[in-house]
Amino acid sequence: MPLVAGAMALGLIGNTLPEELMPRSASELVNGWSYDLDMANNPRIHRQPALFQSASPELLKALSQEEGMRLTVYRDVAGHPTVGVGHLVTPADGLQVGDRITRAQALAFLKQDLQTAEEAVARLVGNLPLYQREFDALVDLVFNVGEGGAGPDDSPMLNAAIASGDYDGIARELDYTSAGGRVAGGLVHRSERRANIFLDGNYANPRLVNS
């Protein structure tokens, strides 16, 4: 089961991690693998199975910039009740628009949602190995559009590219810019950022780079 200790809320508050989520050491185990950057099997250096990967601190910072942290339940651009860091409210949450949650609850939702996205990416790509940057981009995609949105019914060309091991083709299919039936400017920038992460490991915010 993916663990994301030390990465969960990077950039949410002052670009620092909450103390309770700080890694215990530079080589903290992630999925039983040492996260030492000098390792031969590190996904920053060599493509590795998605099953053994977790979202990077760089992605967590980018994700927090894209989603923000909102402690009052609101409706997103598609009209869905949302709270925290892009958490879609479910009946089990017992929340409705206008309700407030604590920062601790928002971080718990983020941990849950990120783990769900990581596991979904592992199912999506199967045995196709990925660099950390490629895994991160796909985690962002699933976090944004849901596992179904990235699945074969809604995204057949993405899945065809994965099946054929066409990494350039995967990058071309990371462009999701519509919500609620209309193009959303924020999603245009997010899609650009996602492709930059996948292709070049560039996590920079294109809104700032292009301004």
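**Notebook: helix packing and a cavity**

I started with the crossing of H1 and H3, and it is right-handed. A reminder to myself: this is a predicted model, so everything below is read from computed coordinates.

**Entry 1, H1 with H3.** I looked up where the two helices lie, and H1 covers residues 57-67 while H3 covers residues 132-149. Their axes come within 10 Å and cross at roughly 30 degrees. Angles under 35 degrees count as roughly parallel, and H1 and H3 are therefore roughly parallel to each other. Next I listed who touches whom. From H1, the contact uses Leu59, Leu63 and Glu67; from H3, it uses Asp136, Val139, Asp140 and Phe143. Sorting these by class, I get four nonpolar and three charged residues, with no polar ones.

How far apart are the axes of H2 and H3? I find them 8 Å apart, at an angle of about 110 degrees, with H2 running over residues 103-125. The range from 65 to 115 degrees counts as roughly perpendicular, and H2 and H3 are therefore roughly perpendicular to each other. On the H2 side I noted Leu110, Asp113, Leu114, Ala117, Glu118, Ala120, Val121, Arg123, Leu124 and Val125. They meet Phe135, Leu138, Val139, Val142, Phe143 and Glu147 of H3. The class tally for this contact is 12 nonpolar, four charged and no polar residues. Val139 and Phe143 turn up here, and I had already written both down for the contact with H1.

I then turned to the second largest cavity, whose volume is about 40 Å³. Its lining consists of Leu59, Ala62, Leu63, Glu66, Asp140, Arg190, Arg193, Arg194 and Ile197. Which elements give two or more residues to that lining? They are H1 and helix H6, the latter spanning 185-200.

I went back over the names once more. Leu59, Leu63 and Asp140 belong to the contact of H1 with H3, and these three residues also line the second largest cavity.

How values were computed
Residues are numbered from 1 along each chain as its sequence is written. This is a predicted model: local features need pLDDT of at least 70, side-chain atom pairs count only at pLDDT 80 or more; totals for chains, interfaces and linings use all residues. Side-chain values use heavy atoms; hydrogens and water are left out. Axes are lines fitted to C-alpha atoms, for helices over the stretch in contact, and angles run from 0 to 180 degrees between N-to-C directions. Helices (H or I, at least four residues) and strands (E, at least two) are DSSP runs, numbered from the N terminus. Angles under 35 degrees count as roughly parallel, over 145 as roughly antiparallel, 65 to 115 as roughly perpendicular and the rest as oblique. A crossing is left-handed if the near helix is turned anticlockwise from the far one by less than a right angle, and right-handed if clockwise. Contact means heavy atoms within 4.5 Å. Ala, Val, Leu, Ile, Met, Phe, Trp, Tyr, Cys and Pro count as nonpolar, Asp, Glu, Lys and Arg as charged, and the others, Gly among them, as polar. On a 1 Å grid over the protein atoms alone, a cavity is a set of points where a 1.4 Å probe fits but cannot get out, and a pocket is an open set with protein on both sides within 12 Å along at least five of seven lines; lining residues have an atom within 4 Å of a point. Grid points are joined across faces, edges and corners, and a volume is the space filled by probe spheres set on the points.
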